[in-house]
Amino acid sequence: MEGAGYRVVFEKGGVYLHTSAKKYQDRDSLIAGVIRVVEKDNDVLLHWAPVEEAGDSTQILFSKKDSSGGDSCASEEEPTFDPGYEPDWAVISTVRPQPRHSEPTRGAEPSCPQGSWAFSVSLGELKSIRRSKPGLSWAYLVLVTQAGGSLPALHFHRGGTRALLRVLSRYLLLASSPQDSRLYLVFPHDSSALSNSFHHLQLFDQDSSNVVSRFLQDPYSTTFSSFSRVTNFFRGALQPQPEGAASDLPPPPDDEPEPGFEVISCVELGPRPTVERGPPVTEEVWARHVGPEGRLQQVPELKNRIFSGGLSPGLRREAWKFLLGYLSWEGTAEEHKAHVRKKTDEYFRMKLQWKSVSPEQERRNSLLHGYRSLIERDVSRTDRTNKFYEGPENPGLGLLNDILLTYCMYHFDLGYVQGMSDLLSPILYVIQNEVDAFWCFCGFMELVQGNFEESQETMKRQLGRLLLLLRVLDPQLCDFLDSQDSGSLCFCFRWLLIWFKREFPFPDVLRLWEVLWTGLPGPNLHLLVACAILDMERDTLMLSGFGSNEILKHINELTMKLSVEDVLTRAEALHRQLTACPELPHNVQEILGLAPPTEPHSPSPTASPLPLSPTRAPPTPPPPTDTAQQPDSSLEILPEEEDDGADS
């Protein structure tokens with residue numbers, strides 16, 4: 001949007017001011033508005049206005065709160081709030097814009113209290129930006145000016161904080177502190193301002209002009225090498241700050257050094273190591289790890305071998321029960337038998353709960369009826385090209401249906417969500433027993449149930465972590481995707497949701513998952529698998545001039561064309577390359593499990609073997625034909641109960 005002398009380069013609605021300190025805001029304490037970034041008269045302004053004044057662009061100038069109390073709309077008993085925003089919810093800060101003394105715009109009331117909150121501030125006046133803690137209701141930003149006051153907190157009820165920061169980064173340099181990942185310091189792109197800042201902070205020698213010229217060529221590396229420990233590109237331009245210098249700046253605390261600022265684009269990774277995959281674990285190798293009482297021995301070594309090569313097809317039925325937590329690695333053979341008997345009884349008690357519901361009862365139970373309808377629809381189209389599930393009367397379809405409906409009784413809060421049938425199908429194919437497959441499926445869902453939450457917070461968090469890893473590994477690719485409006489990596493959503501189930505041939509998915517379930521070499525390997533795929537397609541994406549639509553189309557067309565072994569090998573190499581970096585940013589260390597999280601996170605599939613760590617094996621031969629020809633004999637169909645389930 002353009003007008004006389006100005007151009008709107010960013011606009012986002014649903015940005016509210018919260019005028020109450022209460023945790024739960026009422027309608028009267030919320031002021032809806034629009035945030036804009038406006039280029040005007042050789043300046044760039046950040047402008048917010050209530051919705052009724054949103055059309056009045058760039059006409060409001062920011063100023064601090066009138067100390068004389070001249071604001072006719074402000075109450076004398078107006079409370080003040082902490083601008084630091086330490087509570088988990090943010091409210092209006094102590095600094096309010098001055099009322100405008102111009103004629104009100106059409107449709108605005110002369111003494112409207114909302115209009116007095118509108119503000120516009122030059123980006124050059126910003127000193128820092130603080131983001132809200134993740135997962136706390138609406139995200140918000142608090143902007144602090146050079147004068148030390150904070151603007152009203154901007155609450156993004158419809159999202160958009162990341163988009164706004166991305167736009168601001170076109171005009172400013174944003175540096176995040178390793179000791180407070182939510183705080184960004186703001187630096188201008190202006191060379192003279194940088195020279196003054198360098199001189200004032202005494203970060204460089206007396207002649208900083210050379211540094212500034214290099215900054216204009218490589219702003220991130222040059223600027224942040226003076227603040228950070230993450231790069232040695234410009235060590236020669238730096239010198240220790242003399243004692244007693246910058247006396248007008250507050251000294252750092254005696255018990256800790258002054259924190260630096262990490263910039264991901266400055267991380268210098270070492271060479272990518274060569275990785276060789278091992279052979280699959282066979283029945284003979286497994287047998288050597290079984291002790292006299294049936295207890296597995298040297299389990300870490302066994303898991304490492306599974307991670308390096310997967311399992312032979314004949315061993316999967318037994319080994320998957322351990323990988324998915326159905327059977328304990330430390331248990332004896334007798335303990336396993338007792339556990340299976342107990343879990344069999346528990347399963348059929350839950351199954352009876354939904355099988356005993358009459359059609360008349362179900363008509364009054366919309367939730368159960370909805371689950372049944374959705375499950376029947378999904379089961380009817382799950383892996384129907386696989387011989388194990390082909391044909392209209394295939395008993396495998398009945399087992400899929402029964403297990404998924406029983407899971408709704410097991411996990412009432414989650415129930416059934418589309419995509420779960422994709423996760424159960426390979427498990428039932430391998431285990432070939434209703435009860436055992438159910439409990440193995442439950443173990444799998446413990447890892448990924450966050451993927452199916454209605455809020456999608458877990459999926460958003462995974463996409464954010466994927467973007468962070470990719471930014472470290474390949475900032476040029478990230479910049480390209482950003483330039484094509486694909487920087488959110490939403491085209492990877494399906495990959496993460498169902499563990500690449502639809503990206504590889506069925507036999508390769510089995511190899512991928514069993515390697516994932518080992519939890520090695522650390523959490524979130526699935527994210528590095530996604531990075532590996534993007535790394536393999538890097539040149540195609542960047543050299544073909546793809547736009548956002550073409551990028552999405554190309555990613556979708558990769559289905560069934562990738563080598564699972566190549567992707568797994570590359571993902572492990574990326575992991576080794578990252579872990580070998582001595583100055584890896586702390587938030588990346590957290591993702592890789594190299595450092596404890598700075599804040600506790602709620603249980604989700606991103607915690608341990610957590611979401612997705614695909615490893616691919618070379619395409620294996622199709623399932624044995626005798627299994628497909630004799631589905632009744634391959635499935636341990638339990639009598640009576642099972643006959644009823646097959647008819648349902």
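Predicted model: local features only at pLDDT ≥ 70, side-chain atom pairs only at ≥ 80, totals over all residues.
Let me begin with a term: by contact I mean heavy atoms within 4.5 Å. With that in place, among contacts in this protein between residues at least 6 apart in sequence, 70% join residues at least 24 apart.

Residues are numbered from 1 along each chain as its sequence is written, and side-chain values use heavy atoms, with hydrogens and water left out.

In overall terms, the protein has 25 helices and 10 strands, where helices (H or I, at least four residues) and strands (E, at least two) are DSSP runs numbered from the N terminus. Of its 648 residues, 50% count as buried, which is to say under 20% relative accessible area, with exposed meaning over 50% and partly exposed lying in between, for a 1.4 Å probe and protein chains only.

Now to the interior. A nonpolar core here is a set of buried Ala, Val, Leu, Ile, Met, Phe, Trp, Tyr and Cys residues joined through side-chain atoms within 4.5 Å. The largest one has 117 residues, and Ile427 and Trp517 have the most contacts inside it; helix 13, residues 434–448, supplies the largest share of this core, 11 residues. A second, separate core of 30 residues includes Leu126, Leu151, Leu154 and Val167.

Which residues does isoleucine 427 contact, leaving aside its neighbours within four places in sequence? They are Trp320, Leu324, Gln432, Ala437, Cys440, Phe441, Phe444 and Trp517.

Let me turn to strand 3, residues 30–40, where nine of the 11 residues are buried, so the strand is largely enclosed by the rest of the structure. Strands count as paired if DSSP finds at least two bridges between them. On one side of the pairing list, 10 bridges join strand 3 to strand 2, residues 6–18, and the two run antiparallel; leucine 17, for instance, has isoleucine 31 as its bridge partner. Strand 3 also pairs with strand 4, residues 43–50, in the antiparallel sense over eight bridges, including the one between glycine 33 and proline 50. The hairpin of strand 3 and strand 4 has two residues between the strands, and there aspartate 41 takes a positive phi near 50 degrees.

Finally, serine 128, in strand 6, residues 126–131, is buried, with a relative accessible area of 10%. Not counting residues up to four places away in sequence, serine 128 touches Val142, Leu143, Val144, Leu183, Tyr184, Leu185 and Val186.
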